[in-house]
Amino acid sequence: MGIRLRSSRQTLDILEALLARPSHWHHGYAISRQTSVPSGTLYPILMRLDKLGWLETRWEDSVPQGRPPRHLYRLTGNGREWAREELHFAQEREFWKPAASQA
Amino acid sequence: MIAPKQSLPFRFAHFSLQLALRLWPEETRHWGHALAAELDEIEKPFEALQWALGGLLLFSRASASHFLAWLKLPAGSPLSAPSLPASTIAPILPKRSRLFTAAILLATALVLILPQSREAISTLRASWNGYRGDSNDLRALQNLAARAEKEKDARTLAFVALVTPGPGRSARLAEQAVALDPSLIWIYASRGPRPEYNPPPKSGLERLLAVDPDNAFPEILAAQVISEPSYQTLLAHNTPTQQDTEAALAASPEWVTHMDRAFRAARYNSYFNRRWQLTQEVWNRNPNLSVTLIFNSLWAHPLPDYLSVRTYENSLVQKAQQAASAGHLEQAETLLREVDSFGRRVTEQGELDLEKFLGLDVSRRATIALRDFYQRLGGTGKGQEAAKRLRLIDDQRDVLMHSFRPMDELRLHALERNALQVQLTAILALLLAVMAAVCLVALEWRSRKSAARKLWLRRVVCLAADWAPAGLLLACVGLLWFFRPYAEILRSTREVTTVSAAWHFMHFEGLFALSSTLGGLEQPFTPLHFWQAFTCALVALALFILVRGLLRLKRA
C-alpha cells in the first residue's frame, strides 16, 4: 500500500470506530465519545487521514435553525483497506487490542 | 435559573472558539469550524470546556504550521497563491526564504549586541557628533545620577556633577557628593568646561582653599575668578597690550594676594590625576558610557590660568629688575628665584604635560633673567649655573614637545586609513539596513498586480531583499574587524593610571581620526580627503556595475 501511517493507539481506536460502520457518516463528537480521544488529538488525526486520502468528509445537508452545519467523516474504499491492515498489523505486534477485547 | 447551555463554561467555550476561528489560518479554518460545530452537541459544561481547549490546541498547531510554511517562502509570497487575471504577470520573488533572511538578521542582531559592537557603535556615534554631547549622553548621565543617588554612591555623583552641563544641576550633585564624601572637595576646582569659562562656585572654592591651603592651584583658580571678567572687559573695548592687562589685574589687591600665595605655596596639585582616577573608575564600572563623556571629563578640567601666571610672573620679574637697578640685589635675586621655584614646582608636581610645559616656561624666563642678572654683576660661577640650568630647561622642553606631537607618520596614516574603513563600513551597514528594511516591507505589502513597467523596480527590490541582509551581516562583522585598533586604544586608556598617559592616548592615538575622516568629507580639497572621495566614488561605481550586470543577466 505504500504509505505507512505512524499509528498511535488513539489513531487505531479511531480507525476501529470508523470501520465499525464503514459506510456510515460519523460526527466528530460521536467518534470522540466512542474512543475517549479528546478533540485536540482527534482532529489532527482526522486531518492527517484526510490528507492521506483515507477519509471522506462532507458537511451535513439539513441543518437545524440556529446551529452551524456539522462535519461528517467516513473512510474511503482505500482507507478501509489500509485501516484493516493497520489494525491487523498492530494487533499482531500486540501494540493494540480492539475495544471489544478490552471491555 | 441559568439554562445549562447559557452557563459560564459553555459561553466561555463558545467565545474562545469563535475568537480562535477569526484568527485561524485560512487553509485549515474549515477544521476549526468542524470542531466548533460539535460544541452544540455537548451537554456537560466541563466536557464543553475540554472540547474548546482541544480546539485551542488545534488552533495553535495550525497557526504554528502556517507560520512555518510562511517562513519557508520568500518575502512577498502568500501561502495560498491568489488567482490572478490572465493578463497579469506572475510576481517576481526573491530567492531566499523568509527563514533564511530571518536567520541572517538574527545573526546580525547577535553580532550587534556583543559588547565590542556596542563600544564600536557608541564611539562612532560620538565621532559623528564631533565628540559633543547629545540627548543620549544626557539621558545616560541622568540614569547614572539617579542610580548613584539611590545607592549613595558619592564618586559616581561627583563624576556626573563634573560632566553634567548646566551649572544648577551640576552644583546640586556636587554638594551631594561632597556631603557624602568630604574627600571629594577637590571637585569644586575641577569644574568649568572650556572653551566657555564657567567659574567654580564661590562657596565651594572658599571651602577648598580652607581645606587645601598650601596648594598653588586653587589660589590660581581664585585669581582667575577675578582676572577673567576684567580681561573680558578689556577685550570688549580693544585688543589690550600686555601693560594694559598687567595694570588691570594688578589693580585688584585680591588678585595680587591670591597670586602671591600661589607663587609661595609649597605644593602644586591641579587634581588632574584624581579627576582621571574618578573618571576611569566610573567608566570601568559603566563600560557603555559614551567616549564623549570621557573626553569631556578630561577636557573640562581647568588648566592653570596662563594669563594670571604670566602676568604675575612678569610683574615679579619687573620688580626684580627695578630692585636690581635700585641696588637691592638680594631682593632682586630672591624675587627671580621665587619665580623659578614656582616654575619648578609646577614642572615637578604638575600631572599633565601641558602643566609641566607651563612650569618650564615660567622657569625659563626666570632663569634667563637670573643669567642676565648674574652676568651684569660679573658673577661668572652663578651665571654659568644659570646658563646650565637654562640648557637643562630647554632639553626638558624638547622632550615634552615630542609628547605633544602625534605618533609617527606611518602609524598615523595607518590609523587614518583604518578610520576611513570604519566610517565607510558603518555607512554601508546603515545603508544596507535601510535597504533591507524598505525592500522586505515593500515586498510584504506589495500590490498583487505586477505592471510591466515596474518589473525592473521589482527585480531591484528582490535582489536587494536577497542580498542586503547578508551584506548587512558582513558589514557589521567588517565594522568590528576594522574597529579593532580603536578598541585597543580604548582598552589601554581604561587601564592607564595617570592622566598624562590617558591624555596622550585619547588625543594623539587616532581616536580623533574617526571624526576628522567624516568631517574631512566636507572639505575634499586636501590629499587625504581627495582619496576619501575617490574611494567612495569607486565603491559606488562598483555597486552600480554589479547591480546592472545582475539585472542584465536576469533579463537574459
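I took a salt bridge to be a side-chain nitrogen of Lys or Arg within 4 Å of a carboxyl oxygen of Asp or Glu. With that rule I looked at A:Arg70, which forms a salt bridge with B:Glu38, the closest N and O atoms being 2.7 Å apart. The count between chain A and chain B is three salt bridges.

I note that this is a predicted model, in which local features need pLDDT of at least 70 and side-chain atom pairs count only at pLDDT 80 or more, while totals for chains, interfaces and linings use all residues. Residues are numbered from 1 along each chain as its sequence is written, chains are lettered from A and ligands numbered from 1 in the order in which they are written, and side-chain values use heavy atoms, with hydrogens and water left out.

**Interface**

I looked up the contacts (heavy atoms within 4.5 Å). I found 20 residues of chain A in contact with 19 residues of chain B. I then looked up buried area, meaning the accessible area (1.4 Å probe) that two parts lose on being put together, summed over both. Chain A and chain B bury about 1,700 Å² between them, 69% of it on carbon and sulfur atoms. In chain A, the residues that lose the most area to chain B are A:Tyr29, A:Tyr43 and A:Met47, together 38% of what that side buries.

**Rings**

I counted rings of Phe, Tyr and Trp (its six-membered ring) as paired if their centres lie within 6.5 Å, with planes under 30 degrees apart stacked, over 60 edge-to-face and the rest tilted. The structure holds 16 aromatic pairs over all chains. I picked B:Phe217 and B:Tyr268: their ring centres are 6.1 Å apart and their planes at 90 degrees, so the pair is edge-to-face. I also noted a cluster in which ring pairs link A:Tyr29, A:Tyr43, A:Tyr73, B:Trp31 and B:Trp51.

I used buried for under 20% relative accessible area, exposed for over 50% and partly exposed for in between (1.4 Å probe, protein chains only). B:Phe217 is buried at a relative accessible area of 1%, and B:Tyr268 is buried at 2%.

**Chain B as a whole**

I took helices (H or I, at least four residues) and strands (E, at least two) as DSSP runs, numbered from the N terminus. Chain B comes to 24 helices and zero strands. Of the 556 residues in chain B, buried residues make up 44%.
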